[in-house]
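Trainee: I would like to learn how to read a core and its surroundings. Can we take one case step by step?

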Amino acid sequence: MPLDLLQRAEDGSAVAAGELPVRDTNRQLDLELPESDSYSTLAGLCLTLAGRIPEKGARFEVPDAVIEVLEATSQRVRLVRISRRNRP
């Protein structure tokens, strides 16, 4: 996986390209983001959660993490921030 697709931040979050496969993201960040046969990438996950192409600033809470859209066009999600959720 090219290094520029996923960058870890000092605060423990990570910034990832929308084209990054969810499976790779889960492995790299030790997460359990939802996987499905209907999408394979982080952009696809965001589109599925939103029901449309989400705008910049959209946030999605999944059991393991919060995903925030950092950069998007009218046609695709380009960049997201993934922050681990605190587990009870």
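Predicted model: local features only at pLDDT ≥ 70, side-chain atom pairs only at ≥ 80, totals over all residues.

Mentor: Leaving aside residues up to four places away in sequence, C46 touches R52, P54, F60, I67, V69, V77 and V80.

Trainee: Which residues touch the most other members of the largest nonpolar core?

Mentor: A nonpolar core joins buried residues through side-chain atoms within 4.5 Å. Here the largest one has 23 residues. Those touching the most other members are A16, L33, L42, C46, I67, V80 and I82. At least two core residues come from each of β2 (14-17), α1 (22-29), α2 (42-50), β4 (65-72) and β5 (77-84). The largest share, 4 residues, is supplied by α2.

Trainee: Which residues in α2 are buried, and what covers them?

Mentor: Buried means under 20% relative accessible area. In α2, that holds for L42, A43, G44, L45 and C46. Their cover includes β2, α1, β3, β4 and β5.

Trainee: What follows α2?

Mentor: Look at the backbone there. G51 comes after the helix, with a positive phi near 80 degrees.

Trainee: How many Å separate the C-alpha atoms of A58 and V80?

Mentor: The separation is 9.6 Å, for residues 22 apart along the chain.

Definitions and conventions
Residues numbered from 1 in each chain as written. Heavy atoms only, no water. Buried < 20%, exposed > 50% of the residue type's maximum accessible area, 1.4 Å probe, protein only. Contact = heavy atoms within 4.5 Å.
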